[in-house]
Every structure is written in structure tokens, then in C-alpha cells.
Amino acid sequence: MEVMSRLLVCPPDYFGIEYEINPWMRRSNAVNSDQAVRQWHHLMQVLEQHVGAVLERINPVPGLPDLVFTANAGIVVGGTAVPSRFRYAERQKEEAYFEDWFREQGYEVVTLDPGHFFEGAGDLLGFPDTWFGGYRQRSDIRVYPTLSEWFHREIIPLELVDKRFYHLDTCLCPLSGGELLYFPPAFDHYGQEALAERIAPSRRLVVPEAEALRFACNAVCVGKHVVLPAGCLETESLLISRGYLLHPVPLDEFMKSGGSAKCLTLALD
Amino acid sequence: MMHDEETVLLQGHIIDSLILAKVLDTILMMGGTFDLQDVQIGKTREEPSRARIIVRAPSAKLLSEILHAIQPHGASVESERDCRLSAAPADGIFPEEFYATTHLSTQVRVRDQWVEVEGIEMDLGIRVDLVGLTARTIPMGQVTRGDLIVTGREGVRVIPLQRPRDRDVFSFMESQVSAERPHVHIIGDIAKRLVQLRAGFREGKVGNKVLLAGGPAIVHAGGREALAWLIDEEFIHVLFCGNALPAHDMEVDLYGTSLGYGHAAGRVVPHGHEHHLRTINRIRAIGSIEAAVRSGVVKTGIMAACVRRGAHVVMAGTVRDDGPLPGVITDSVEAQAAMRAAIPGIGLALLVASTLHAVATGNLLPATIPSVCVDVNPAVPTKLADRGSFQAVGLVMDAASFLRELARELGWKS
């Protein structure tokens, strides 16, 4: 049975590297815009045609190159949206656009205390009853008790200890079958232990470092479909052995900015 | 030893995520300590847990470093309120609901900062000076109308006693009193402390004075020479007593008896019961104990040693006193004030063979000062130990044996 999924995306019309706020971004490493546009459209085609996702588009805005990474718009749970509070001023300008979009779409918008950072589905993801919240690099751990109370979900905070994996979705991906795809060294031993306590060894799929650095964990899982950046062969075979249908997509233009498949989408339902 | 401390709150799914473990480990690894208070564990998976943690560190700088390190993990400093202050309604009367002190170090929050309460002692009130931002204990009788007195418990924190660093009898954090315990090691440890304190005292260090509060049984039982030697050798610097101890001490010098007993012969001498009265009368005629010693009338004993060494003596009278001797304070409130004034600078207290003076002194001592209570009646050390001081050692033995053993340990040749 195909699972219906609605995803928020943003065309990469103004995507580029205009500042450096993570170790992947270097202004000297310019984005090939045509190539980026081609890769993005390819991803959209896979999501719509192969995965069966429904795509909602937010209009790109000049001067906001990272608006394309809609995973960081906020989180959506049922009819409620919680917009992000970005840590860096460069991305704080995106907040109003995402918030307006949520309101226009009829979501009930609930906002967090402005004193605390929260970077949306980039840092908060999980299984239906247990969520994981990345903190320290971008989001503030203090938002999780609030979100947990609002949505009646357990949220296990996980400290991100490697600057290259600055959002939780760059190193951890919960799959629809209950497995967890992740790169353990991105967490300290407390985080690794907490994950090991929670998820049986047979369900923990460890991504090798070389592929973690290609953002193998930055995958979109809809039902049995997994869309992930191309070139992660070991990860692919791990997933195939668990019965997933794989859709590798080349996204290296977006990797220049520290983002891949998952960063380019926000699950709406 | 004083510690800086701050209370932090941690909430959320802190147990399964091991965030609580991480925060506690961080505190310890950085050289701090903690007390876990009010840990509420969520009853369901969704329900968050909460922990209130008191973080302590040996310095304010380290405390701030620790707080800085644990804040990213969600530990937030508990917002504290200032203590409540009410004006004393009349002289000698505390406002209703006044805060009554314990003998433990205490801080009050005034204008958003923790202020150390000076002169800590149990069963007093706390007066706050808002201009100088200071706080000090005050006895009920000394309150002046309008004084700002702390009321309620908000904004007041009591600092639990830390385990002492020295590994001796005072560091075991036990207040057991037993006649069966061997005394030798305890007396050995006390002697070591006296040696350290005397060295500090001679260097002029603060907090190195030794106080002895004692009763006349010291003289009757034969501890007079040992105590006089301890004072002469500068092991004891402050003496609290009543009328009887000095009276019988000087009776020995003038008549060779204490309470009529021949001191050397060990039996009642004819008309011996008059000797202490004659002694008191003699000293009253001379005008003061000091004059009696300086003029050579009284040559030996405890009081002579005190005068020679300039020891600070507070004599507090009671209703059964004869005389009394000049210098005995007969107003008990005044006597209490004089004893209180002698407490600062004390590093060890020996409470020997006097229920009255032992309890009165115990009430005046902050818990941070180690104390030894020696009495043949187990009820007295027990009463003192029940004050909850980790550093109160009780010894059930007679005063003379204690003082003689202690003096011998320190080199006295009897």
C-alpha cells in the first residue's frame, strides 16, 4: 500500500553560498546554479513520480539562499505548525516567510519563546511515539520539554558533538519500519547509549563514515521508499536487505551548502 | 570549609536520554559536587521528569565554570526570590514568623544576591542591613524596634556541613556517644588538633583559638594540674566557667582542699567545707582574681595560669553560687552576650564536666567548629551530639582522666 505524503519544498531559484555558517559552506566553492536546478527538479520528479509524494511549493525569495532547505521551516504535527527560531541571523530572515506560509495554509501556528533556538525538522525527528531532538549546535535543548508537552510525545535530546553534523537530520534517520539509520560518532557516548537502550541492535543501521560524510543519513523515507544522495553504496545495501526501495539522487550541488535530500523537504502530515 | 553553590533545574526526558547522568558527571569531572533534590520521574513515557540539583564548588570561579558547562544541557539556575523582611514591632520582640537560625552556615538573598549571615548560632533571628547589604544573627533580647528581621523561609538557604578534610576523629561524621569506645585514639586526635591549632595561634592566624568550658568536677576529680599545664603551654586560650571552678581551683592553692577534701591526702579535713567560702571572701577582699594572682596570693592552678597567659575567661553565675567571686557575671543575658563575644576565632571547643556550660556553649557554637564533650554522664554528650553536628565528638569519661591523658599526650609530666 502506498503511503500518501505531503512535502513542503522550495525551488532553488536563489540558492547559493552567500555566507558560511557550517563547516561545509565555503563562499569560494561556488554553486553551479544550472546544475543545482537540474538536481532539484530530478529530486522532485523522483518524489512525485516514484515515491508518490504530494509537493507543496513555497515561493523562493531573493537574498534567502537557504530557503530551499525547507526541513528547517519548523515542524508540522497534524494541523499545528511550530515555526523555527534560527540560531544565525543569516537564516532568521526566513522565519517570517515560513510562518506566513503556514498561516496561509490554515495551520494553527504555535510559537516558541523567542529566547530559544529551534531549527525545525532539521533537529527534531523520530518514530510515531518517540522523537529525538538534536541540540547544542543549532537548537537549544530547552525547547524540547515545551514541544513534548504540546504534542504529548517523548523527546529524547541528543547532543551533536561533531560540527560537520550540525543538524540531527544529517546523522540520524528514523525509518518507517522502525529501523534507525545513523552515524554513531556524531553523538557522545551518552547519546549513543540512549539510542542503544531504545532501539534493538538488529534495528540499528550504522552508516560508514565515508557515506555519513556524503549525508547518507539525510534521506527521505516515505513508506518503503527511501530517497538518499547518490554514491552511498553500503548504506543502500543495508537498506535493500531490510526491504526498502531505494532512489539515489545526485545532490552534490546542495552538499556544498551542507544539505541533501531530507534538508530539501519538510513532511507536512 | 565554605562552598559556593547554586540550585539548578533540569527537566524533560532527562533520564532515558542520559542527560541527567551527563550533567551530574560533568559536575563531578570538573571538581564540583552535587545534591540531587526532588527528582520527579515521569510516570508515562510522554511525561517529562524534573530534577532539582544543588551544585557546589570550592570557589565561585569554578562554580561559574560548571554552571556554564551544564547550561547547554538544559540546566537552568533556579530563579530565587529575596528573603522577606519585617520590622521588629518593639524592642526585644521579633516580628511574627521570624526565621529561627540553626547552627549551620546560612545565606539570605538580599537585592538578588546571596549574603552570608554573620555570627551564625542556633536559635537566633537574622537582622538585615539593606544599606550595607549585610546580615547578622541577633538574639531576641537585643532587637530594637524597627530592625529588619528575616521572616518565613523564602530566600534563606542553609549550607549543609561538608565532610572535614582532616582524616581524624572529627571527620567520621558520626555523633555516637559510647562509654565502650576506646578513648586513646580520640584523645590522640584531639592532641594533634591542639598542636596544629597552637602553631596557628602562635603565628597569629584567625580561627586557631581553643575554648574550654568546664565545671568544678575538673578540680574535684584531679584534673586541675593538667588543665593549668594546658593553659600555660598555650593549648587553651579561652575558658568558660561558673563561680565554682575558679573558687575550688583557688581553694586548692590557698587551703590544699577542694570542697573541703584534702587535695593531696584525699580525705575530709576538719572545717574544710568553709574553705571555698573563705577563698571567695579573700578574693573579694583583694578585688579581683587577677589582682590575687599578680600579688602572689594565688600562685598555682587554673586561674593563675589564665592570668599569666592572658587567657580570656568568662565566668557566668547561677542561682546557687556563693559569693560570687569578683568578675562572675550574674545577669544571665549579659553572661550569654559575653560568651557569644568570645566565640569568634575559636577553632575547637572542649566541653568538660559541666552540663550547664556545655549546653550553653554548644548553643553558641556554629556547627563548623569541632567540639568534644566529655562527661561521666552519657546524657550530656548525647544531648550535645543530638544537635546534629558532624564534628561533635562525645566521650563518656571523667574530666580528670580526660585532661590528664590529653596533657600527657602533649608532653605533660605528672
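**Entry 1: chain A overall**

I noted at the start that this is a predicted model. I looked up the make-up of chain A and found eight helices and 15 strands. Chain A has 269 residues, and 48% of them count as buried. I also checked how far its contacts reach along the sequence. Among contacts in chain A between residues at least 6 apart, 67% join residues at least 24 apart.

**Entry 2: the cores**

Which residues have the most contacts inside the largest nonpolar core? I found Cys217(A) and Ala219(A), in a core of 96 residues. Helix 1 of chain A, residues 33–51, gives the largest share of this core, with five residues.

I then listed what Cys217(A) touches, leaving out residues up to four places away in sequence. Among its contacts are Thr170(A), Cys171(A), Leu172(A) and Cys173(A). Leu181(A), Tyr182(A) and Phe183(A) are also on the list, as are Val207(A) and Ala212(A).

There is a second, separate core of 79 residues, and it includes Ile218(B), Val219(B), Ala226(B) and Ala311(B). I kept Ala226(B) in mind for the last entry.

**Entry 3: helix 4 of chain A and what follows it**

I moved on to helix 4 of chain A, residues 143–151. Its buried residues are Val143(A), Tyr144(A), Pro145(A), Leu147(A) and Ser148(A). What covers them? From chain A, the cover includes strand 4, strand 6, strand 7 and strand 8.

Just after helix 4, I stopped at His152(A), which takes a positive phi of about 50 degrees although it is not a glycine. His152(A) is found in the loop between helix 4 and strand 8 of chain A. Is His152(A) buried or exposed? I counted 12 other C-beta atoms within 10 Å, so His152(A) is exposed.

**Entry 4: His116(A)**

His116(A) sits in the loop between strand 5 and strand 6 of chain A. It has 15 C-beta neighbours inside 10 Å and therefore counts as partly exposed. Leaving aside neighbours within four places in sequence, His116(A) is in contact with Arg85(A), Asp140(A), Arg142(A) and Val143(A). Val143(A) is one of the buried residues of helix 4 from the entry above. Arg85(A) is 31 residues from His116(A) along the chain, yet their C-alpha atoms are separated by 7.1 Å.

**Entry 5: where chain B meets chain A**

How many residues of chain B are in contact with chain A? I found 15, and they meet 17 residues of chain A. On the chain B side, strand 1 (4–12) and helix 1 are the elements that give two or more residues. Helix 1 of chain B gives the most, with three residues. By class, the chain B side has five nonpolar, six polar and four charged residues.

**Entry 6: helix 1 and helix 2 of chain B**

I followed helix 1 of chain B (residues 19–29) to its partner, helix 2 (residues 60–70). Their axes come within 10 Å and cross at roughly 155 degrees. With angles over 145 degrees counting as roughly antiparallel, that makes helix 1 roughly antiparallel to helix 2. Helix 1 gives Val23(B), Thr26(B) and Ile27(B) to the contact, and helix 2 gives Ile66(B), Ala69(B) and Ile70(B). I sorted these into five nonpolar, one polar and no charged residues.

The axes of helix 5 and helix 13 of chain B come within 8 Å and cross at roughly 45 degrees. The two helices are therefore oblique to each other. Ala226(B), Leu227(B), Trp229(B) and Leu230(B) of helix 5 meet Leu403(B), Arg404(B) and Ala407(B) of helix 13. Ala226(B) is the residue I had met in the second core.

In the loop between helix 5 and strand 13 of chain B I found Glu234(B). Glu234(B) has a positive phi of about 65 degrees although it is not a glycine.

My last stop was the peptide bond from Gly323(B) to Pro324(B), which is cis, with omega near -5 degrees. Pro324(B) lies in the loop between strand 16 and strand 17 of chain B.

Methods
Residues are numbered from 1 along each chain as its sequence is written. Chains are lettered from A and ligands numbered from 1 in the order in which they are written. This is a predicted model: local features need pLDDT of at least 70, side-chain atom pairs count only at pLDDT 80 or more; totals for chains, interfaces and linings use all residues. Axes are lines fitted to C-alpha atoms, for helices over the stretch in contact, and angles run from 0 to 180 degrees between N-to-C directions. Helices (H or I, at least four residues) and strands (E, at least two) are DSSP runs, numbered from the N terminus. Angles under 35 degrees count as roughly parallel, over 145 as roughly antiparallel, 65 to 115 as roughly perpendicular and the rest as oblique. Two residues are in contact if their C-beta atoms, placed from the backbone, lie within 7 Å. Ala, Val, Leu, Ile, Met, Phe, Trp, Tyr, Cys and Pro count as nonpolar, Asp, Glu, Lys and Arg as charged, and the others, Gly among them, as polar. A nonpolar core is a set of buried Ala, Val, Leu, Ile, Met, Phe, Trp, Tyr and Cys residues joined through C-beta atoms within 7 Å. A residue is buried if 20 or more other C-beta atoms lie within 10 Å of its own, exposed if 12 or fewer, and partly exposed in between; C-beta atoms are placed from the backbone.
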